Amino acid sequence: MKKKYISVLLMAALAAGTLSGCGSTPGSSGNSGGTSGTNSGSSGGGSTEEGKVINIYSWNTEFSERLQAVYPEVKETSSDGTVTTLNDGTEIHWIINPNQDGVYQQKLDEALLNQASAADDDKVDIFLSETDYVNKYTDADAGAAIPLEELGINPDTDLADQYEFTKVTASDVNGVQRGSTWQCCPGLLVYRRDIAKDVFGTDDPEKVGEKVKDWDIMEKTAEELKAKGYYTFSSYADTFRLFSNSISEPWVKSGETTIKVDQKIMDWIDMSKKWLDLGYLDKTVKGQFNSDWNQAMGSKSKVFAFLFPAWGIDFNLKDNWDGKDGAWAVTNPPQEYNWGGSYVHACTGTDNPEHVKDIILAVTANKDNLLKISKEYLDFTNTKSGMQEAAEDDKSYASDFLGGQNTFKYFTPVAENITIAPLSSYDQGCVELIQNAFSDYFQGQIDFDKAKSNFETAIIERYPELTEVQWAQ
Amino acid sequence: MKTKNKSIDYSKWGYIFILPFFISFFIFSFIPLADTIRYSFFEYYRSGIKEIGPNFVGMANYKNLLASDMLKYAGNTLILWVIGFIPQIVIALMLAAWFVDARLKIRGQQFFKVVIYLPNLIMASAFAMLFFTLFSTNGPVNGMLMSIGITKEPIDFTGTVFGTRSLVGLMNFLMWFGNTTIMLMAAIMGISADIFEASEIDGCNSIQRFFKITLPLIRPILAYTLITSIIGGLQMFDVPQILTNGQGSPDRTSTTLIMFLNNHLKSRNYGMAGALSVYLFIVSGILCFFVYRMTNNEDPDGSKAAAKKAKKAQRRG
Amino acid sequence: MKSKKTDGLRSAIAHVVLVILSFMCLFFFYILIVNATHSHADLQKGFSALPGNYLLKNLMNVANDGTFPMFRGILNSLIVSGLSAAICTYFSSLTAYGIYAYDFKLKKVAFTFIMAILVMPTQVTAMGFLRLITNMGMYDSLLPLIIPSIASPSVFYFMYSYLQSSLPMSLVEAARIDGCGEFKIFNRVVLPIMKPAIAVQAIFSFVGSWNNYFVPALVIQSKDKMTVPILIATLRGADYMNFDMGKIYMMITVAIVPIIIVYLLLSKYIIAGITLGGVKE
């Protein structure tokens, strides 16, 4: 009896082992199948017969709203927003998962790994990515995003009016463009007019712009503000994008396993520590997108300025400001930078290549549509000529919130001067973890070397394939 | 003859009754566990959307973990658990004893019982989020302290090791003391009223009664509380994760073992996560073995022996 | 006389402590509910102890948002938690009774085994669990959230402890003499005795299942199968496009109200059950 029981146990254990062994095989073969699937998908018979369902993966409703606003083929959208029907009967299914804790990427990765074996109507057709991790999906070896040319879009002619840096961002190491975006995210400096008047005696954007035009002058201005009891920015995280955008080498070079922390990042660390100790920054605000940070945008706050692209002004600042319109104004930042941006990719293995091409062109490359998005959603859109027109057209693009300023006038020169920092697939983790690790250092909890080693620990936890960290200087 | 047959029949019933449990366990826990253990010997992770491995690496994952800060996180977990558990068990025992003590005439018993259990109903994640907002440097708690005049500068609760750990402890305490109280109460009420009556006749005061009768008699349930709390403590994740936004700040002093595991799961590092899971499994096994031994050192039926002793004592007296 | 006096003093202390603890517990609910009645802009201005007038608006925002099907989520959670609690308590009692009441060769082995797996953290098996249910075709279904609760070692241990202190074998033997079958004995004699323990554990497992985020987040993919905690995480993850703290507080409020109702209903039964079910030797 006992023996029998034990043998049953052993059998179960064996079965478990083989079962799980089997489980791993389709997964890994599915991966390679996915890459080879590219060719059969676009050149094979798939293009003549389009699928009935277009699955779009995203982390919010931003893309869905813009597509419904400008794509002429849209017939209707279900009341809960999950299904959009096109005129020819094709259905767009919106699959939305939160960005938080990497859930979006987890679900997307799972779907991409199963892409080859999924039924046609379950295949991912379009997915979105953010600048911080766009490289993970445009990577040539990963093969998740179809090169635009294979889809029938010629980046040189069809996307000629797009800003160059957005095209570079969406390209792999060989310069093959694998995604496209409708928005650009050049950033500005947004300041409180009342504080500017109190400290500088003027709230004129041109004159305030002079006061913040580069970091050296900025520091003197910070001292002035401090003397009157104001903070220049709320948190050390506010200035991060300006520095991380101007690094000279990628965090990790393609094919290498060494993280290089750029001199610019070290500059940011030095400046943040100094500014926090001098009281130019609000010590009680730690990081961004938390309640302290939100409150720093309220009328009781002593914070002079924020560094924001268009979305930051419209969604963060506007929602958090509890005073009247016209209290804030924009001017040039101390350094040109770009923050954010959502890229649209055609997914390898899609059964709807024609629809996908059509959608990408309509939402990211049609000037009229883009200007419409700019008007309705205040996005700074990806059309050079269109944005220049907007910069001239003070009437149509005046912002009530900013006291009638035409923000496009300020955004356009910034956008034209952006040279995107060299990207790597590890940017998201590096950007997030370096801020976390040095936060304790800024607050005086740990010393500089400890912060360094905490970053090293955290980054290798996140990316096991990386082996060492090299610090500049 | 007849009785013999019957007893054989009964043992069959034992197997039948425990069968569903074991089938379910083998399918939903054992197979995944075997999977986890198997991969702990492999280098196996995701790089971007490419899968690396699985390549057999023997004990490398285990060695790497020992060389990492794992022990520090184990220490963090222990500290965070202790500062929540000690007040929890002390207060729960006290409350349970009060509630069943008819002479205290606690008014609104029903109300209090319902209220103290309430925090356990909130999702740990929602609770942690609420605390995060309340105790932020510009949050309502600081606002109140400053308006009463207790402090001039806002206190940076989550900026210090002491503050963060205390908040985690406080949250765990608030979430679980009601739960424990109800459980202990159920146990104390299960004790035969005769024993209490007898002890009263013998002239036991309430403190003696508590330590000499109540405590020994509810030992199985106490062991249960301790064990489940240790498991809960080992699994501590939601509260520190959300309070510190996953960073375990400051300086990773509130990073628990499961947060560490989560970091590996996040990078889809099945190998390291597997090895860490095996460590966790071993550690929790050892801990529970000790607790189990400690609370059952006399006989497996500790409660019955204690009850007999009490009865004997009362008969003698 | 003297003991009466000390009783009075102890009673006073007990009341004070209870009031303080109750205040601490209720305080957070109060803040949650008050915050749910304010608009995001109000909340930005800082905390206010008085309720605002935004309650209905926030509730409408939650109810009308198609991307977060809150009421569907509550229904899903009710199904999952209710069924889990039911089968978890029933099968755990069954297992505990099986080991407690019968003598069989592997009794010790089975008991030790369950005690050993009692300590296994759920997270440990998560990855393997996901692969397994995907292979079984149960991905994105509510079943894998319910069925595994048949094997709940900690509930088993509670039931076992309870049986030890409350079920005299003489009762079982008496039933056998009356000619009851073994299943009938369990259902008719043992279960009623275990009522208080079942009630307590039913609440615990219902709450545990209701608040579980980890496993559902792994398993559930489609909107109409999501449970409440996933929806809340989704809402919080909706980043800068869609953050409205008033709505978030309202959502948490909506998420805990059903469970509070269930608890209030069951709690009366529990207290009654404990006093009635006390087995006298």
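## A guided reading of a three-chain model

With 18 C-beta neighbours inside 10 Å, C:Met115 counts as partly exposed. By the definition applied throughout, a residue is buried if 20 or more other C-beta atoms lie within 10 Å of its own, exposed if 12 or fewer, and partly exposed in between, the C-beta atoms being placed from the backbone. C:Met115 belongs to helix α5 (residues 107-117) of chain C; helices (H or I, at least four residues) and strands (E, at least two) are DSSP runs, numbered from the N terminus. The C-alpha atom of C:Met115 is separated by 50 Å from that of C:Leu50, a residue 65 residues apart from it along the chain.

This is a predicted model, in which local features need pLDDT of at least 70 and side-chain atom pairs count only at pLDDT 80 or more, whereas totals for chains, interfaces and linings use all residues. Residues are numbered from 1 along each chain as its sequence is written, while chains are lettered from A and ligands numbered from 1 in the order in which they are written.

Chain A contains 19 helices and 13 strands. Of its 473 residues, 51% are buried. Two residues are taken to be in contact if their C-beta atoms, placed from the backbone, lie within 7 Å. Among the contacts in chain A between residues at least 6 apart in sequence, 74% join residues at least 24 apart.

An automatic or database domain assignment supplies the domain bounds. Chain A is divided into domain 1 (30-184 + 342-383) and domain 2 (187-340 + 391-471). Taken over C-alpha atoms, the centres of domain 1 of chain A and domain 2 of chain A are 30 Å apart. Where these domains meet, 17 residues of domain 1 of chain A are in contact with 17 residues of domain 2 of chain A. On the domain 1 side, the elements giving two or more residues are α4 (134-138) and α6 (164-169) of chain A, and α6(A) gives the most, with 3 residues. The residues of this side divide into 8 nonpolar, 3 polar and 6 charged. In this classification, Ala, Val, Leu, Ile, Met, Phe, Trp, Tyr, Cys and Pro count as nonpolar, Asp, Glu, Lys and Arg as charged, and the others, Gly among them, as polar.

Most residues other than glycine have a negative phi. A:Leu378, although not a glycine, has a positive phi of about 65 degrees. A:Leu378 is found in the loop between α15 (367-377) and α16 (384-392) of chain A, and it counts as partly exposed, with 19 C-beta neighbours inside 10 Å. C:Asp140, likewise not a glycine, has a positive phi of about 55 degrees. C:Asp140 lies in the loop between α6 (126-135) and α7 (143-146) of chain C; with 13 other C-beta atoms within 10 Å, C:Asp140 is partly exposed.

Chain B has 14 helices and 2 strands, and 52% of its 317 residues count as buried. Its contact with chain C takes 71 residues from chain B and 75 residues from chain C. The elements of chain B that each supply at least two residues to this side include α1 (2-39), α10 (219-234) and α13 (270-295). α1(B) gives the most, with 18 residues. By class, the side of chain B that touches chain C has 49 nonpolar, 18 polar and 4 charged residues.

One helix pair shows how these two chains meet. α10(B) and helix α8 (residues 153-166) of chain C pack at an angle of about 170 degrees, with their axes 9 Å apart. The axes are lines fitted to C-alpha atoms, for helices over the stretch in contact, and angles run from 0 to 180 degrees between N-to-C directions. α10(B) and α8(C) are therefore roughly antiparallel to each other, a term for angles over 145 degrees. Among the residues making the contact are B:Tyr224 of α10(B) and C:Tyr157 and C:Phe158 of α8(C). The contact comprises 5 nonpolar, 5 polar and no charged residues.

The final topic is the nonpolar core, defined as a set of buried Ala, Val, Leu, Ile, Met, Phe, Trp, Tyr and Cys residues joined through C-beta atoms within 7 Å. Of the 169 residues in the largest nonpolar core, B:Ala96, B:Phe127, B:Leu184 and C:Met159 touch the most other members. Helix α7 (residues 161-190) of chain B gives the most to this core, with 15 residues. A second, separate core of 81 residues includes A:Val208, A:Ile247, A:Ala296 and A:Phe308.

How values were computed. Angles under 35 degrees count as roughly parallel, over 145 as roughly antiparallel, 65 to 115 as roughly perpendicular and the rest as oblique.
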